[in-house]
Amino acid sequence: MELYNEDDILKMLRSSDELLQKKAFGKVVSYYSEKLYWQIRKMVLTHDDANDILQNTFIKAWMNIELFRGEARLSTWLYKIAINECITFLNRQKMNVQVSIDDTDALLINKLESDEYFDGDEAQLKLQQAILTLPEKQRIVFNLRYYDEMPYDEMSEILGTSIGALKASYHHAAKKIEEFLTSHD
Amino acid sequence: MDTKNSKLNEAGKTNPFKVPEGYFERFSENLMSQLPERTVEEPKMLSLWERMRPWTYMAAMFVGIMLMFKIFSGSPEEENTAQNKEKNRVEIIAELDLEDFYTYYEDQAAVNAYRETLYIGTPIAGEDQVPSHETE
């Protein structure tokens, strides 16, 4: 795999030569697509939706690359876009289904069960079900921390929330999941 | 904490999701091929008027505002009001240098002292008597 040097890439992205910009962006896509995909996938659960959102995320980033000023890391900026896209998608889904939140969660679980790209056993399906009972923000925090083991300071940059609040949020989320798993045993 | 989260630990951290084979390799290619062209702002040749237009509008606006102030704040009847007189005096004072300023106030003080003498009867310093006293 080609070496990924973010400083060089950022210089190329800021150049006025569009071909060079595109080349640099291609490298960004190859480097970040997998990380972002998994984050998105854990939010929307099915492969098809995750694929759509990942595409939208990169297209948005490409169209707004001038707005990226390099104050934060590129990864932080991309995560921010991806998470916003997920939230927009989930909200739109809720609006379209016109049902209560419980039913939306049930819908997501049904979708997950029928998704050919879900490979989990019963315990993992139950864990996904438990995660779905969390409010959106807690879900994001839980996924970032539990699966990706992302440091709180990085999470704080992405979500614009204080480290203390994130720790509390993770603690609550873990507690709720534990309760759900115990009661549905 | 560990025992508390035992159920969570049982479920494990393994990623239960999978993707179609070669998905990530194909994803980059697909995305790059369908990446929309950005409307790069070409250095358009602007005519002189197009370049000057915003400035002209701004200048016109300022002139308008100034005229408005003139119309609404400076009617001739108002010029004689006490407020305007005071304003004029302040403006005049501001224009004088410090020496003139003292001279002005010395003169003012002299006039005031004279007036006091006229109406109250205190003699002016340096003067023996005031004519009005003589008549009384």
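Helices (H or I, at least four residues) and strands (E, at least two) are DSSP runs, numbered from the N terminus. Residues are numbered from 1 along each chain as its sequence is written, while chains are lettered from A and ligands numbered from 1 in the order in which they are written. The model is predicted: local features need pLDDT of at least 70, side-chain atom pairs count only at pLDDT 80 or more, and totals for chains, interfaces and linings use all residues.

**View 1. The elements of chain A.** Chain A holds 9 helices and 0 strands. Its elements run α-α-α-α-α-α-α-α-α from the N terminus on. Of the 185 residues in chain A, 29% are buried (20 or more other C-beta atoms within 10 Å of the residue's own; exposed means 12 or fewer, partly exposed in between; C-beta atoms are placed from the backbone). Among the contacts in chain A with a separation of 6 or more, 58% join residues 24 or more positions apart; two residues are in contact if their C-beta atoms, placed from the backbone, lie within 7 Å.

**View 2. The elements of chain B.** Chain B has 6 helices and 0 strands, in the pattern α-α-α-α-α-α along the sequence. Buried residues form 4% of its 136 residues.

**View 3. The contact of chain A with chain B.** Chain A contributes 29 residues to this contact and chain B contributes 22 residues. On the side of chain A that touches chain B, the elements giving two or more residues are helix 2 (18-44), helix 3 (47-63), helix 6 (122-132) and helix 9 (163-183) of chain A. Helix 2 of chain A gives the most, with 8 residues. By class, this side of chain A has 15 nonpolar, 8 polar and 6 charged residues. Here Ala, Val, Leu, Ile, Met, Phe, Trp, Tyr, Cys and Pro count as nonpolar, Asp, Glu, Lys and Arg as charged, and the others, Gly among them, as polar.

**View 4. Helix 1 and helix 2 of chain A.** Two packed helices are described by the angle between their axes and the distance between the axes. The axes of helix 1 (residues 6-14) and helix 2 of chain A come within 7 Å and cross at roughly 140 degrees; axes are lines fitted to C-alpha atoms, for helices over the stretch in contact, and angles run from 0 to 180 degrees between N-to-C directions. The two helices are therefore oblique to each other (angles under 35 degrees count as roughly parallel, over 145 as roughly antiparallel, 65 to 115 as roughly perpendicular and the rest as oblique). Helix 1 of chain A contributes A:Ile9, A:Met12 and A:Leu13 to the contact, and the residues from helix 2 of chain A include A:Leu20, A:Phe25 and A:Val28. This contact has 7 nonpolar, 1 polar and 2 charged residues.

**View 5. Helix 2 and helix 3 of chain A.** The axes of these helices of chain A come within 9 Å and cross at roughly 140 degrees, which makes helix 2 of chain A oblique to helix 3 of chain A. Among the residues that meet are A:Phe25, A:Leu36 and A:Tyr37 in helix 2 of chain A and A:Ile53, A:Phe58 and A:Trp62 in helix 3 of chain A. By class, the contact has 11 nonpolar, 3 polar and 2 charged residues.

**View 6. The surroundings of A:Gln138.** A:Gln138 lies in helix 7 (residues 136-146) of chain A. A:Gln138 is buried, with 21 other C-beta atoms within 10 Å. Not counting residues up to four places away in sequence, A:Gln138 touches A:Ser169, A:His172 and A:Ala173. The C-alpha atoms of A:Gln138 and A:Tyr170 are separated by 6.7 Å, with the two residues 32 residues apart along the chain.
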